[in-house]
Amino acid sequence: MGGPMSVNDPLPWIPQVTRLIQQAVAADVPVLGHCLGGQLMAKALGAPVTRNPVKEIGWFPVTVVDTPESRAWLGALPPSFPVYHWHGETFALPAKAIRLLGSADCANQGFVLGKHLALQCHVEMTPQLISDWVREADGELKPSRTVQSGQEMLLDAERKTAALHRIADTLYEHWVKGLR
């Protein structure tokens, strides 16, 4: 899932996690990562994680990249839909990965590599998580074109997260097939 650290920080657990991801991919065990998890997947698979040109924090749309893989993973979802974001860095695509989602301010919002799924955005959010993150933001929320205020993020959160969970269900239903 997410976290305030960077995969580029010199934390002792990061190499352990990237090795675990490499082992899982090599063993054909499906891997799923959200935000920091997606960045860890990219790093483990040889792609750099760098500062995004802007922070994306709040509800912003992503666009589906029209490929056979995106149609398989996203089914009948619309070509663009709002998701939750909270990141200042982003991943490049690992070799042979296929871009699934992008946004106006972050080209790589998701990729697939066989049965493995990495997301920069968050589809797993709940109103309580959003409330907790906003409360713990510690001055990070400086509203701009790509950063919403806490009040704006919490506005109609029940409805927005319900729609988000339908997107998550579609992605996870496809990911789970890889476990069989």
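1. Basis. The model is predicted: local features need pLDDT of at least 70, side-chain atom pairs count only at pLDDT 80 or more, and totals for chains, interfaces and linings use all residues. Residues are numbered from 1 along each chain as its sequence is written, and side-chain values use heavy atoms, with hydrogens and water left out.

2. Cysteines. Zero disulfides (pairs of cysteine sulfur atoms within 2.5 Å) are found in a search of the whole structure. For cysteine 35, the nearest cysteine sulfur belongs to cysteine 121, 8.6 Å away. Cysteine 106 is also in no disulfide; its nearest cysteine sulfur, again that of cysteine 121, lies at 8.8 Å. Cysteine 106 is buried, with a relative accessible area of 1% (buried means under 20%, 1.4 Å probe, protein chains only).

3. Helix 4. This helix spans residues 127-135, and Pro127, Ile130, Asp132 and Val134 are buried in it. Helices are DSSP runs of H or I of at least four residues, and strands are runs of E of at least two, numbered from the N terminus. The cover over these buried residues includes strand 2 (49-64), strand 3 (80-91), helix 5 (150-154) and helix 6 (157-177).

4. Largest pocket. Its volume is about 520 Å³. Of the 19 lining residues, Gly3, Pro4, Met5, Trp86 and Glu140 lie nearest the centre. Helix 2 (36-44), strand 2 and strand 3 each give two or more residues to the lining; strand 3 gives the most, with four.

Notes
Buried < 20%, exposed > 50% of the residue type's maximum accessible area, 1.4 Å probe, protein only. Contact = heavy atoms within 4.5 Å. 1 Å grid on protein atoms, 1.4 Å probe; cavity = no way out; pocket = protein on both sides within 12 Å on 5 of 7 lines; lining within 4 Å. Points joined across faces, edges and corners; volume = space filled by probe spheres on them.
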